[in-house]
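Hi there,

Here is the structure I promised to pass on. Could you have a look at it, and then read my notes below?

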Amino acid sequence: MSVLEARQLNKHYQMGEVMVRALDNVNLVVNQGEFVAIMGPSGSGKSTLLHLLGGLDTPSDGEITLAGQPLSRLSDNEITLVRRRRVGFIFQFFNLLPTLTAEENVGLPLLIDGQDLARHREKINKLLALVGLADRKHHKPNQLSGGQQQRVAIARAFVNDPEIVLADEPTGNLDSKSGTAILELLRRTCAELRATIVMVTHDPRAASYADRVVFLKDGQIVRELQKVGDEHNVQTIIDVMAGLDL
Ligand SMILES: Nc1ncnc2c1ncn2[C@@H]1O[C@H](COP(=O)(O)OP(=O)(O)O)[C@@H](O)[C@H]1O
Ligand SMILES: [Mg+2]
């Protein structure tokens with residue numbers, strides 16, 4: 001069953017005389033329970049694609065269907081609600097609120113949605129335990145390492161039981177050891193919560209944790225690798241990139 005479908009997506013930016021085609025006829029279907037990596041060099045359109053998929057920005061052309069809802073038919077308010085209730089986001093720079101504790105940061109999406117946090121205490125604690133931070137729930141972001149902050153962000157991304165989690169270079173700001181721990185956590189969370197994850201990255205090692213890798217070049221999907229982990233590894237991904245001149 002598909003959770004997310006993108007059909008003939010285009011996004012261009014008019015920069016004075018020049019038109020930048022950030023995305024060029026992108027088609028993508030993501031199924032329930034899949035961990036998909038979108039891989040491409042800097043400037044290939046990864047962030048643009050992720051923003052469109054999560055309803056943070058609108059395409060110039062094409063359609064996105066998220067959890068059965070064609071976004072183009074929704075009002076801005078309805079898209080905000082879809083984003084708030086059905087999508088989880090993980091960013092490169094964690095984006096935690098510095099004045100809130102780990103526990104409060106995890107609960108923030110529920111608070112913004114007007115829900116009573118007291119009723120979700122158990123779920124928040126469960127998620128903090130899942131990411132290995134049960135004993136850090138009263139810490140503020142500046143009392144946590146980068147890797148720990150990203151784990152708080154992962155718990156936060158799952159707190160609204162999202163249909164899909166979108167991650168933009170989640171290990172881009174971490175050292176390699178913390179990065180590996182985050183990738184393992186994402187893969188485990190995907191399995192344990194039967195979650196669906198789309199992660200964009202320029203790092204072949206990060207992409208190798210996904211089930212499927214989609215290669216983006218100059219705004220176009222140019223190749224796809226299935227069964228990563230089982231049949232393909234980091235070296236295959238590096239070889240494909242070299243072959244595509246990425
Ligand atoms: N707001 C914007 N205005 C103009 N050009 C943009 C804007 N956002 C992205 N671009 C351009 O679109 C292309 C894709 O950018 P982006 O999606 O950020 O790539 P990536 O995340 O893969 O590095 C780049 O050429 C970038 O310069
Ligand atoms: Mg980017």
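Two strands count as paired if DSSP finds at least two bridges between them. Helices (H or I, at least four residues) and strands (E, at least two) are DSSP runs, numbered from the N terminus. This is a predicted model, in which local features need pLDDT of at least 70 and side-chain atom pairs count only at pLDDT 80 or more, while totals for chains, interfaces and linings use all residues. Residues are numbered from 1 along each chain as its sequence is written, and chains are lettered from A and ligands numbered from 1 in the order in which they are written.

**The sheet**

Strand E3 (residues 35-39) and strand E8 (residues 197-201) run parallel and are joined by 5 bridges. Val-36 has Val-198 in E8 as its bridge partner. Both strands belong to an open sheet of 6 strands with mixed pairing, in the order E6-E7-E8-E3-E9-E10. Strand E6 (87-90) and strand E10 (220-225) are the edge strands, each pairing on one side only. On average, neighbouring strands here are turned by 20° against each other, direction ignored. Helix H8 (residues 234-243) packs on the sheet, where it touches E3, strand E9 (212-217) and E10, and its direction makes about 150° with that of E10. For these, axes are lines fitted to C-alpha atoms (for helices over the stretch in contact), and angles run from 0 to 180 degrees between N-to-C directions; contact means C-beta atoms, placed from the backbone, within 7 Å.

**The helix pair**

Helix H3 (residues 102-112) packs with helix H5 (residues 146-158) at an angle of about 30°, their axes 7 Å apart. H3 contributes Ala-102, Asn-105, Val-106, Leu-108 and Pro-109 to the contact, and H5 contributes Val-152, Ala-155 and Arg-156. Just after H3, Gly-114 has a positive phi of about 80°.

**The ligand**

Best wishes

Conventions:
Two residues are in contact if their C-beta atoms, placed from the backbone, lie within 7 Å.
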